[in-house]
Amino acid sequence: MSDLSRRPAAAVVGETVPHESAALHVTGRALYTDDLVARTKGVLHAWPVQSPHAHARVTGLRAEPAYDVPGVVRVLTADDVPGLNDSGTKHDEPLFPAEVMYHGQVVCWVLAETLEAARRGASAVDVDYEPLSALLTIREAIDADSFQGVRPTAGHGDVEAALARAAHVFEGETEMAGQEHFYLETQASLADVDDAGQVFVQSSTQHPSETQEVVAHVLDLAAHQVTVQCLRMGGGFGGKEVQANGYAAVAALGAALTGRPVRVRLNRTQDITMTGKRHGFHATWRVGFDDDGHLVALDTLLTSDGGWSLDLSEAVLARAICHVDNTYWIPDVRIRGRIAKTHKTSQTAFRGFGGPQGMLVLEDVLGRCAPLLGIDPLDLRRRNFYVEGQETPYGQPVRHAARAATAWDQVLDGADVAARAREIADFNTAHEHTKRGLGVTPVKFGISFNFTPLNQAGALVHVYKDGSVLVNHGGTEMGQGLHTKMLQVAATALGVPLSRVRLAPTRTDKVPNTSATAASSSADLNGGAVKDACEQIRDRLVEVDAGRGLPWEQLVAEAYLERVSLFAAGYYRTEGLHWDADTFRGTPFKYFAYGVAAAEVEVDGFTGAYRTRRVDIVHDVGDSLSPLVDLGQIEGGFVQGAGWLTLEDLRWDTSDGEQRGRVTTQAASTYKLPSFSEMPEVFNVTMLERAHEEGAVYGSKAVGEPPLMLALSVREALRQACGAFGPAGRAVDLASPATPEAVYWALDAARLAAGMREPAGA
Amino acid sequence: MTGIPDVMVNGEALALAGVTPHTTALDFLRDRGLTGAKESCAEGECGACCVLVARPPADGSPGTEWTSVNACLVAAASLAGQDVVTSEGLGTPDRLHPVQREMAERGGSQCGYCTPGFVCSMAAEYYRHDRGPAASSNGTHGDNGFDLHALTGNLCRCTGYRPIRDAAYALGPPAPDDALAVRRTAPAPAPPPTRLEADGAAFVRPADLAAALDLLADHADARAVAGATDLGVEINLRGARPGLLVQIDRLEELRGLRWSDAELVIGAALSLTEIERRLAGRLPLLDELFWQFASRPIRNGATLGGNLGTGSPIGDSPPVLLALAADLVLVSTSGERRVALADYFTGYRTSVREPGELIKEVVIPLPVAGLTAFHKIAKRRFDDISSVAVGFALDVRDGVVRSARIGLGGVAATPVRAREAEATLNGRAWAQETVDEAADVLAATGTPIDDQRASARYRAAMLGQALRRLYAEELVATGSTDGSHGTGGGVA
């Protein structure tokens, strides 16, 4: 057991405690960025002027009419930018563009005394466009050879030779849609400038340091002139990892120009039409199996839909490539990837960060091929699991490979899968119009940022003379319970009750140069840093105590009098990582998080509507830092994943009409999130036991993203149920998302294959 | 200013000074520092804005009911003289309300943004006067009688809902000295007649129907508003700014509900919740409609008058009301007239209703045919908009279809009767062969479109499948294949 992972006796980590802000949440007192507006005097409100074209040159912009609208104070355009006119760090995202690259892109912003005046002002701005042709789908981009960024390849062995000798070779295509984050709190920033020209931006951002960096380069300021604070977010899910930066920059620019506080808050329509989403992917694949169903070879080409700019698309693609294998050993494998450039929002981070898309490819392959091989899909999956000593396609040894098998067996046992499979078969025989299906899928998810330098974190811990403790760290709170865990880590490391520790909002002037709160690794990284800071203080106090066993308050008071420092900056970097992006090989991940889910669905043959009857999950969180928080991440991640795979149906107008490129699902009424009706009726979640992780703080594991991919079990269950409408031995192709309509067409095809009556409209 | 009465919020009188007719209740509350309620979708879908309003109990009993309302949709001015409780007013971090305590302790909040709205919707159901321990829990009811449909208008992106459900199902009865529970025994404040003018527009809550009709007759740009569940969306997301809002939801003349042997008359300004509770399952086809009609907070505001008045081709009530052969009573300063719903719609969001005319009542002839069903096709089971919807009312006796009425939504610019499919069924044996033939006719009805909700092909297929499903389910229900079916009289 490492020093990092060892837990002291009576540790506060591992205790079941509610979210640290729960009492504030439920009483409406928890403050979010936009709640500050009511407490701030003289705020100006911003409204965007959005492009009505997917691709066009801006040939003229007349702001004067906006100034005729009462209340309008300022129109922000490219001419107002003192620094770099760019909202990103790759410098391919002009904040005020001369060429609009997607429908809804903002051309300029109007600031006014009221939101209503800003809205009216924006509609008065006169913009001339010269429309250009636009690419909307991945297929259009492929046909037009429109790509951006790197085109990596991962793999080992000789794929062609292996496919040539494989007993069974199949090929196909898999396509999956993206996903709108639909964080309940839309993008929001509130900026002000003080007497010294210091810019203070309150932002709903997962990455305050990068927000600071972007604000600084837009305003041509040094980083130390900009402070960014994030109180908390009403959800992020990756959508505020980089995409908050531009709105913060607009607010800061407005504040700098007017000398007044400026609020930028997107309404839902603006948020959906302006911000990036989960990448949709397209994959072509060839796969070989031997007679026993062992994977022999896989050759696949992934194309992600990056949208108009690179954003995080290269990193998302890297993680997708690194997760095609999931828990499966493929002796000869080649995975290539590329990023389509289309005239859509710039697709970005979303919980799983490409991992879900990569995993879906091989799970889709296995789900489709199992009937063709005549092997039960559960058996097909299980017999291809990694064993200790094998390497991933990117050359990392698969440590703790047996945990996937342990979780698998535990799910099969605990969920009584064998008996239920028989019950389901009986039910399906007895019911012509209703079929049930059971899907079991595993998850292996690599933890750490693929890009090694990001795997570092800082913390600042203060102990005050009265013994109370204040913790700052570089991570942001978006509901995932990071702050709760950090409080527990600090209390454990200092040996004080949880009630003695308070956590202050995340600010760039407390902890600098932080990484985004992302990649599930914020508890690992910031936990390591908080623990380091606390242990520095604790070590000093141990000396002061000199074995006397003084009570905490007395010890702290004495240390102060002895002039012993009671605060410390903590630092942590993940050891043992290396990554060569050119050869696409290395050990990018500290460890893997494992999990297995079994899902049972019931499908109505008349409509394709379905319900999730039962879900059983065994998931590996290491030794949990905070069980209630981890349970929430597992359940919530699962349902969000099920939303992506079965319900959430992101659509753009791909017609050649005037609205080409417009998001057609730009509201909660047209873009449906999971509701109570999608909650599994029976939902059993167990955490894997004996799961201690040496390489992470107090033996825990990251939990933010991995559970999302457990929802692939629902998709596979739907495939099974659809297949039950048709003959055995037939591959079932299922679109993603598997909406009721998609399920209907899949089961209808199965029904037709069985020679059943052709229904109307088919 | 015009001396508009204050709103009582969490026991404190808040002046409506400075609001315009288009200011939402949500913006009003937030501007005054009550930032617990949030804007997330601005169209009544997510419930982050939900607050409690003291209203007369929906079932018509005396007293007050704490009703969950989407503050993002209703006008601030419409709350004049009324009592509102927000999440801040339910409890404090030191003295959590029982709903807040269950939500907090069970992990019911993660990011917390949806939580104040959830807490209000949950509190509304917590205080429902006829909620009590249920004999058994089922999919949507807890042992404590909590109806999960109370929360279908609230979205959470973090938790996956299980802990929220568990919190709801763990709630006991309110304590005897609980102030909000005690408050239920006193009458809800009647909203006083109100007039507010600002920003070039006016909001009027008239004293009676005659005054409302005068306003509508005199002002071409007047919009009648009840729950604002449609108009609120137009204002928030599409920039609509009507010059005159006439608030009609509490006009007694529009709020009757009367039975006779021959007909059921439903006031056009009764909320869907009020109709649902007052009918109490006595008309099974309407009962099938209610839970599928939006969400509880929306049903607390939405009315049949509004659903028919907007004339949307995908409204949920028209297919059902067409199947029920409903008539509408229209009223204006010129008097009343009665039109068949089947003759009411004239085109996309247009109808025979004249400017200045209001829908007063919906009249449903009785008895209702014995075999009825409402099939709504949507992506999500709770709170979605249909791609197509089908209402059936079939009178099947001695194995023969004596009469068939089928109402359709989502297949044309207006809701329509499926006359050809009806004709195919009428007088024929209620058998698979007939059903298949009629299903094919039904599937060819109208001109459904491709859009983000569904393909035209799926919509057409679903029309036919609806009839096949009706037949198959009825076979199962009656346990017979020989055509011996129950007789009419769906109304008990």
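Two strands count as paired when DSSP finds at least two bridges between them. With that in hand, here are some close-up views of this predicted model.

**View 1. Strands 1 and 5 of chain B run side by side in the parallel sense.** Strand 1 covers residues 7–9 of chain B and strand 5 covers residues 83–85 of chain B, and two bridges link the pair. Look for Val9(B) here: Val84(B), in strand 5 of chain B, is its bridge partner.

**View 2. An open, mixed sheet of five strands lies in chain B.** Reading across the sheet, the strand order is 2-1-5-3-4. Strand 2 (12–14) and strand 4 (65–70) of chain B each have a single partner strand, so they stand at the edges with one side left without a neighbour in the sheet. From one strand to the next, the twist averages 35°.

**View 3. Helix 4 of chain B packs on the sheet.** This helix spans residues 115–126 of chain B and touches strand 3 (50–55) and strand 4 of chain B. The directions of helix 4 and strand 3 of chain B make an angle of about 30°.

**View 4. Chain A brings together 19 helices and 27 strands.** Along the principal axes, the C-alpha atoms of chain A fill a box of roughly 80 × 75 × 50 Å. A compact globule of 762 residues would have a radius of gyration near 27 Å, and the 27 Å of chain A agrees with that.

**View 5. Inside chain A, 63% of the 762 residues count as buried.** Among contacts in chain A with a separation of 6 or more, 81% join residues 24 or more positions apart.

Technical notes. Residues are numbered from 1 along each chain as its sequence is written. Chains are lettered from A and ligands numbered from 1 in the order in which they are written. This is a predicted model: local features need pLDDT of at least 70, side-chain atom pairs count only at pLDDT 80 or more; totals for chains, interfaces and linings use all residues. Helices (H or I, at least four residues) and strands (E, at least two) are DSSP runs, numbered from the N terminus. Axes are lines fitted to C-alpha atoms, for helices over the stretch in contact, and angles run from 0 to 180 degrees between N-to-C directions. Two residues are in contact if their C-beta atoms, placed from the backbone, lie within 7 Å. The radius of gyration is taken over C-alpha atoms; the globule rule is 2.2 Å times the number of residues to the power 0.38. A residue is buried if 20 or more other C-beta atoms lie within 10 Å of its own, exposed if 12 or fewer, and partly exposed in between; C-beta atoms are placed from the backbone.
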